[in-house]
Amino acid sequence: MNSSSISSDRGFSGPLPAIPPRREVVTYSGVIGFGSVESNVTAARRLVDIGIRHIKCKVGRYDDAVRLCAIRDAVGPGVNLRVDANGTFNFADAANRIARL
């Protein structure tokens, strides 16, 4: 079987349908987990050095604002930062934290 056909134990067999792409560009986001301010800044700089312009930062600890400010200072305004709390907060707490960040 080649890459342009498919076979299934459920009875389907034949060529793959031509599916047009939904988008021309896929944006990759680098991810920075928890760590010291220094290690997060180093990671952010490395991501920017390889061309990443969207960075997702894990949040949900006491030092979120300090870490995010240091990352922003390190990468400048041309890089988009996102935060990801993995459901740590309820809606009201999340809105309050975002407003402070």
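**Salt bridges in a predicted model**

Let's start with aspartate 64. It is buried, with a relative accessible area of 2%. Keep in mind that this is a predicted model.

What does aspartate 64 pair with? It forms a salt bridge with arginine 67. The closest N and O atoms are 2.9 Å apart. Arginine 67 counts as buried too, at 1% relative accessibility. Both residues sit in helix α2, residues 64-75. They are three residues apart, about one turn of the helix.

Salt bridges with shared partners join Arg61, Asp63, Asp64, Arg67 and Arg97.

How many salt bridges are there by this rule? The count comes to six. The rule takes a Lys or Arg side-chain nitrogen within 4 Å of an Asp or Glu carboxyl oxygen.

Now to the strands. Lysine 56 forms a salt bridge with aspartate 84. Here the closest N and O atoms are 3.4 Å apart. This pair links distant parts of the chain. Lysine 56 is in strand β4, residues 54-58, and aspartate 84 is in strand β5, residues 80-84. The separation is 28 residues.

Aspartate 84 has another partner to discuss, lysine 58. Their side chains meet in a salt bridge at 2.9 Å, N to O. Lysine 58 lies in strand β4 and aspartate 84 in strand β5, so the pair ties together parts 26 residues apart in sequence.

Is aspartate 84 buried or exposed? Buried, because its relative accessibility is 17%, and the cut-off is under 20%. Lysine 58 is buried as well.

Note on methods: Residues numbered from 1 in each chain as written. Predicted model: local features only at pLDDT ≥ 70, side-chain atom pairs only at ≥ 80, totals over all residues. Heavy atoms only, no water. Helix = DSSP H or I, 4+ residues; strand = E, 2+ residues; numbered from the N terminus. Buried < 20%, exposed > 50% of the residue type's maximum accessible area, 1.4 Å probe, protein only.
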